[in-house]
Amino acid sequence: MLKKVIQDALNEQVKIEAQSSQVYLAMASWAEIQPGIDNITSFFYRHSDEERMHMLKLIKFINERGGFAMIPALEQPQPTFPSIKHAFKELLKHEEYVSESINKVVDISLAEKDYATYNFMQWYVSEQIEEESLARTLNDKLELIGEDKSGLYLFDKDILMVNVTTAEGK
Ligand code: FEO
């Protein structure tokens, strides 16, 4: 049986993963109506799907351990962005926030000596290292490109490889 304090922490993480999925879905929809960035659009859609998968994994874990996963209400995500660069900056900021919240769940599970939850959360810790690192790399590339349109064209081609690699890794 899950302790209430653990269930609450995990349910908070369910909300954060669900909100992340919405945030990236909003980025995908906005990117889709910008000309010539089809692969960036796919990247955001894929990222949104991954966050939903992160949420589902938590829901299953909570319920399998005798708790109850509460499906939360979500906030309106930012619908539009001044530029692609801004969207990717927001993505990095958001992933840093998710990492912090995951660390909090890990802290609580250790404090409560819930080693099953601690163990389960290690998957999220590793996932966040990868996601933050990818978001930083993409932001660095966009920084180099600056306002160069042909650079953005190449960035969009480049991100296709990220989409393919991520798809193979799942
Ligand atoms: Fe599931 Fe990218 O946080």
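Two helices, α2 (38–64) and α4, each supply at least two residues of the lining of the largest cavity; helices are DSSP runs of H or I with at least four residues, numbered from the N terminus. The greatest contribution comes from α4, with 4 residues. The lining consists of Phe43, His47, Leu91, Glu131, Leu134, Ala135 and Leu138. By class, these are 5 nonpolar, 1 polar and 1 charged, where Ala, Val, Leu, Ile, Met, Phe, Trp, Tyr, Cys and Pro count as nonpolar, Asp, Glu, Lys and Arg as charged, and the others, Gly among them, as polar.

The model is predicted: local features need pLDDT of at least 70 and side-chain atom pairs pLDDT 80 or more, whereas totals for chains, interfaces and linings use all residues. Residues are numbered from 1 along each chain as its sequence is written, and side-chain values use heavy atoms, without hydrogens and water.

The volume of the largest cavity is about 40 Å³, and the structure holds 1 cavity of 30 Å³ or more. On a 1 Å grid over the protein atoms alone, a cavity is a set of points where a 1.4 Å probe fits but cannot get out, while a pocket is an open set with protein on both sides within 12 Å along at least five of seven lines; lining residues have an atom within 4 Å of a point. Grid points are joined across faces, edges and corners, and a volume is the space filled by probe spheres set on the points.

Of its 15 lining residues, Ser83, Ile84, Glu147, Lys149 and Leu152 lie nearest the centre. At least two lining residues come from each of α3 (84–111), α4 (115–145) and α5 (149–169). The pocket lining comprises 8 nonpolar, 3 polar and 4 charged residues.
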